[in-house]
Amino acid sequence: MIRHPFAHIFTSWKTFAGVFALLVLISASASAQVPPGVTSLKINSAVLGEERTILVRVPPGYDTNKQRYSVLYMTDGNAHIGHTSSTVEFLARNGRMSEMIVVGITNTDRTRDLSPTRVTTTVAGGDSALQFPTSGGADKFLKFIETELIPDIEKRYRTNPYRILAGHSLGGLFTIHTMISRPELFQSYVAVSPALQWDNQVAVKRAEDFFKARKEFDATLFMSLGHEPGPIEDGFYQLKQVLEKNQTKGFEWKAQVLEEEDHGSVVMPSHYLALRKVFDGWQIPRDPNSGGVAGDFKSVEEHYQKLSKKFKYDIPVPENLTNQMGYQSLFAERFDEAIAIFKTNVERYPESANVYDSLAEAYEKTGKLELAAPLYEKAQTLGQQNQDPNLQIYKTNFERVSEKLKQSGAAKKNQ
């Protein structure tokens, strides 16, 4: 059996200092390269007294629509923004969640920013001491996020008021610290292999006090752990016990162990599972026999009204789903119903070429070529402006209907 190269350290050197120092080393070794499709911003922080690099990924189509998006903020941004952005796009494309803006905060002094208390620790049985002279800066880092980073992101980008905070290892510790220190700043929290062993589980003790005093907390927490025996595992289960004992109204949480993952590999599957938890119930109900959308367009709109109530911002039916419902009615020859649905899509997504093309097709199938032609032309114009991959289809449709209108006009003259 192939073992993790650091497995012997995790199983035999179980003092806090030894394990924690290793985790700091592993987490800090990620590449600082900026992935494709990600923008790098610079923020001069008065709170931290330094310049910080922020990585931002916007959803596909952001530049050609007017939609607003929720935001996922992450610590160790350079290490995780690539795979997390892909996970968001994959789940959104499959109707499991909304698209999101992803913001990754890169590190300068990671231990300082992500640790809630100042710590000096001595390795048991040894003569040397592992010291963290800059530790204990989490509150200042949190102030930077609240008063400088979030306002800057919300000024630059179209956002809605739903925020998620995700962190790994020390970042997971910071996520728990944020949740109990500024509980209204984010609506969901993702703590992957949180380093809760820090300072004799100080965050666990504070969390216990928080949940004992808190009667209601409208938020979601997902925390995970790989195969990580020792202090980090102990802290995970201690916090899990706290959550099990205190059933706070409105608070949804899940603690999951991924035995096949180690401290490094656990992040990617955890972010997938975390987003599934946060957006539980997002997917539209499906007919078990056909696989199609269950119910009519009215039931679809009611589903998104419920989501709007849950997430506390207006969530319209997505363009592609509205289009799907329109074609479902069109193929069933419920033409008036199909046209009404396609018109709704035009009203909600006026910058999209496809919505005009679909409405035009419904008019064409009902013989209303004079209504279809200008809509096909509009789709062609927007397709050119937006560099739409379906531009050729829009052109072909417009040319076909234009030719039909010419032939129809010529036939009337000859009558």
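**Figure 1. Strand S4 and its two neighbours.** Strand S2 (residues 50-57) runs antiparallel to S4, and 4 bridges join the two strands. The structure shown here and in the following views is a predicted model. Gly104 in S4 is the bridge partner of Met74. Strands of a sheet pair through backbone hydrogen bonds, in either a parallel or an antiparallel manner.

Figure 2. S3, helix H3 (residues 77-93) and S4 together make a right-handed β-α-β unit.

**Figure 3. The open sheet.** The sheet is formed by 8 strands in the order S1-S2-S4-S3-S7-S8-S9-S10, with mixed pairing. Strand S1 (39-45) and strand S10 (249-257) stand at the edges; each has a single partner strand, so one side of each is left without a neighbour in the sheet. From one strand to the next, the twist averages 20°. Helix H3 packs on this sheet and touches S2, S3, S4 and strand S7 (159-168), and its direction makes about 20° with that of S2.

**Figure 4. The S9 and S10 pair, with helix H9.** Strand S9 (residues 216-225) pairs with S10 in the parallel sense over 8 bridges. In this pairing, Glu216 stands opposite Lys249 in S10. Helix H9 (residues 267-278) lies across S3, S7, strand S8 (188-192), S9 and S10. The helix H9 runs at about 155° to S9.

**Figure 5. Packing of helices H7 and H8.** Two packed helices are described by the angle between their axes and by the distance between those axes. Helix H7 (residues 198-213) packs with helix H8 (residues 231-245) at an angle of about 5°, and their axes are 10 Å apart. Because angles under 35 degrees count as roughly parallel, H7 is roughly parallel to H8. From H7, the residues Gln201, Val204, Ala207, Glu208 and Phe211 meet Asp234, Gly235, Gln238, Leu239, Val242, Leu243 and Lys245 of H8. By class, this contact of H7 with H8 has 6 nonpolar, 3 polar and 3 charged residues.

Key
Residues numbered from 1 in each chain as written. Predicted model: local features only at pLDDT ≥ 70, side-chain atom pairs only at ≥ 80, totals over all residues. Heavy atoms only, no water. Pairing = 2+ DSSP bridges. Right-handed = clockwise from strand over helix to strand, strands pointing away. Axes fitted to C-alpha atoms, helices over the stretch in contact; angles between N-to-C directions. Parallel < 35°, antiparallel > 145°, perpendicular 65-115°, else oblique. Contact = heavy atoms within 4.5 Å. Nonpolar A, V, L, I, M, F, W, Y, C, P; charged D, E, K, R; others polar.
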